[in-house]
Structure formats: C-alpha cells, structure tokens
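Please look over the sequence and the model shown below.

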Amino acid sequence: APTDEDLRALIDDHVGLEGPLLPILHAVQKAFGHIPGAAIPLIADALNITRAELHGVISFYHDFREAPAGRHVVKICRAEACQAMGGDVLAEETLKKLGLDWHGTTVNGAVTVEPVYCLGLCACGPAAMVDDRVVGRVDGARMDALLKEAGA
Ligand code: FES
C-alpha cells in the first residue's frame, strides 16, 4: 500500500502546475492502479478543496477508480450508437451474469467491468474493450467467450 510519503511526493511533483488536480489524480492512479482512500485528504488539503469536491471530480471522470481493478478490465460502450445496436441489453446481461454493478470486480479478482463512452467502433456496435483490445459486434455469446478468456 502507498505510504503518505509516497503520496505526498506525487502531489508535490504536480502541485505547482496550473490546474494541478487532474495531473495529480493521473499520477496517483498510474503509480498505484487506483486512487487510494489515503490520498483523498492529502490531495484535498494540498489543493485547498473539500473531500466532497474531490470525490465529485473522481467520479465524474470515468478513468479514475477508487478501488484496485481486477487483472482484466472489460469496458462496455454506453454511447448512443452502441446503445442503439443492443449495447444496453449487452451491458445489463453482462453485469447480471457476473453479479456486478459498474466498476465492480468479480470475487476471483479476474475482471472489472466499466462503462466507456465511444470506442470509435460505432459502425460495428455494440463495442467493448478488453484491456487494450477493442472488440466490435459483441453479442452475448461473444461476451461470454471474452469473459471466459479473461478468467471471470
Ligand atoms: Fe460505441 Fe462509438 S458509440 S463505439
């Protein structure tokens, strides 16, 4: 787990920037894989913002997570074109099958499911992404195969 010193060092590296909040959050997530709870009061104090404001920013940007991700991250496109192609149903069924909400991780730690807003594959929706790999025309069977491959 990151120590307060580790976190302070990362904050100090970026606090002098104009608009330091997002660079700090990116640096912390890059270093630790998520924004640990211990970072919240330190960042809030350094930038003189409230913890509530900070939580608001973290949840607004879908790239940040407050808990460590599973070994694989499956993102399902929630933007309009994919929704129109059945992305809604795909998302709902996938979460239900895994017993998860968005941003949840399977109990075996294999897979975290996250929403994403357009992967540039709108013509081949519904689209998904497994780690760095973008996949188009994902139906239930294809999603099952992807999840199995990821060890969910
Ligand atoms: Fe899903 Fe563009 S809307 S990839």
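The centres of domain 1 and domain 2, taken over C-alpha atoms, are separated by 29 Å. Domain 1 covers residues 4-60 and domain 2 covers residues 72-150; such bounds come from an automatic or database domain assignment.

This is a predicted model, in which local features need pLDDT of at least 70 and side-chain atom pairs count only at pLDDT 80 or more, while totals for chains, interfaces and linings use all residues. Residues are numbered from 1 along each chain as its sequence is written, and side-chain values use heavy atoms, with hydrogens and water left out.

Two helix pairs are listed in the table. Helices (H or I, at least four residues) are DSSP runs, numbered from the N terminus. Axes are lines fitted to C-alpha atoms, for helices over the stretch in contact, and angles run from 0 to 180 degrees between N-to-C directions.

| Helix pair | Axis separation | Angle |
|---|---|---|
| α1 (residues 4-14) and α3 (residues 39-47) | 10 Å apart | about 35° |
| α5 (residues 80-98) and α6 (residues 140-150) | within 10 Å | roughly 40° |

α1 passes α3 in a right-handed crossing, meaning that the near helix is turned clockwise from the far one by less than a right angle. Asp4, Leu7, Arg8 and Ile11 of α1 make the contact with Ala39, Leu42, Ile43 and Ala46 of α3. Contact means heavy atoms within 4.5 Å.

The crossing of α5 and α6 is right-handed. On the α5 side the contact is made by Leu90, Thr94, Lys97 and Leu98, and on the α6 side by Gly140, Met143, Asp144 and Leu147. α5 and α6 are oblique to each other; angles under 35 degrees count as roughly parallel, over 145 as roughly antiparallel, 65 to 115 as roughly perpendicular and the rest as oblique.

Where does His34 lie? His34 is in the loop between α2 (21-32) and α3. With a relative accessible area of 12%, His34 is buried (buried means under 20% relative accessible area, exposed over 50%, partly exposed in between, with a 1.4 Å probe and protein chains only). Leaving out residues up to four places away in sequence, His34 touches Val28, Gln29, Arg65, Glu66, Ala67 and Pro68.

Zero disulfides are found in a search of the whole structure, a disulfide being a pair of cysteine sulfur atoms within 2.5 Å. Cys124 is in no disulfide, and the nearest cysteine sulfur, that of Cys122, is 9.0 Å away. Cys124 is partly exposed at a relative accessible area of 22%, whereas Cys82 counts as buried at 3% relative accessibility.
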